[in-house]
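Subject: Structure handover and notes on its salt bridges and helix packing

Dear colleague,

I am passing on the structure that we spoke about, and my notes on it follow below. Please read them with the model open beside you.

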Amino acid sequence: MDFETYIKNNYVDACKIQRSIIKDEKMKSMLQKGGEDTQLVMSWMRDYGLFQGITIQEREEVSNKFLSFARSIGSTVDITDKDALRNIYSKLFRLLFNAVNRSWMSATSKLLWCIYPDDIVIYDSFVYRALVVMQCLDRGLSKFPRIGVAPKVTSESDIASATSHYMNYQGMVRHIYEHNIKILNELRNNYRETYPYDIRIIDKLLWMIGNPKHKFLIAAAV
């Protein structure tokens, strides 16, 4: 089964999952209006499992660091420019790391997505698993550097290699997205889909491949 057929068979399910994440819209709306709702950020990050093993005080500090970053960066950066994306990803990662010493690779991408929902690729371990295999089977993905293992981040000096790993990952997911824009547009029109962010739909479709507990459809597309 080729990936286009997989998209057709699982598009509705992926969109349904994304529409069910209500707090995503609350987060994006709050940030777009220049809000500073620390409790909402804390709740949203907790729902995504980004606060495991850290204290309430640390959670509040991390949330406030993000809000300060969002206020200073705005939504004017052209993150389709790879250097610009690398810079803001590294900057936010460093702010979070200085608040709590741990790897914030996934959290950084998720928080940035709330500011730039049309373009940011979210880092996720299930998507990573899918890419590891697909890179061996897809000619376009094979041209990217081998995705490798995510670097361990134990000191601030490790953030540069973590950022490079994310940028390669991000490029691979965007390649899949851009290669399938036509079919995504067709499916959106056919199903009158209201979920607006195709990059997240691709992300969810890859997540479904990499998640061993998720059932997906393999029947021939209609």
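Arg 19 counts as partly exposed, because its relative accessibility is 39% (buried means under 20% relative accessible area, exposed over 50%, and partly exposed in between, with a 1.4 Å probe and protein chains only). Its salt-bridge partner is Glu 193, with 2.7 Å from N to O (a salt bridge being a side-chain nitrogen of Lys or Arg within 4 Å of a carboxyl oxygen of Asp or Glu). This pair links distant parts of the chain, 174 residues apart, since Arg 19 belongs to helix H1 whereas Glu 193 sits in the loop between helix H10 (181-191) and helix H11 (198-210). Glu 193 is buried, at a relative accessible area of 12%. Helices here are DSSP runs (H or I, at least four residues), numbered from the N terminus.

Please keep in mind that this is a predicted model, in which local features need pLDDT of at least 70 and side-chain atom pairs count only at pLDDT 80 or more, while totals for chains, interfaces and linings use all residues. Residues are numbered from 1 along each chain as its sequence is written, and side-chain values use heavy atoms, with hydrogens and water left out.

A search of the whole structure finds eleven salt bridges, and one of them joins Asp 47 to Lys 23, whose closest N and O atoms are 2.9 Å apart. Because Asp 47 lies in helix H3 (residues 38-47) and Lys 23 in helix H2 (residues 22-32), the pair ties together parts that are 24 residues apart in sequence. Asp 47 is exposed, with a relative accessible area of 52%, whereas Lys 23 is partly exposed at 25%.

Within helix H1 (residues 3-19), Glu 4 and Lys 8 lie four residues apart, about one turn of the helix, and their side chains form a salt bridge of 3.5 Å, N to O.

How do H1 and H11 lie relative to each other? Their axes, which are lines fitted to C-alpha atoms over the stretch in contact, with angles running from 0 to 180 degrees between N-to-C directions, come within 8 Å and cross at roughly 105°. The two helices are therefore roughly perpendicular, a term that covers 65 to 115 degrees.

Key:
Angles under 35 degrees count as roughly parallel, over 145 as roughly antiparallel, 65 to 115 as roughly perpendicular and the rest as oblique.
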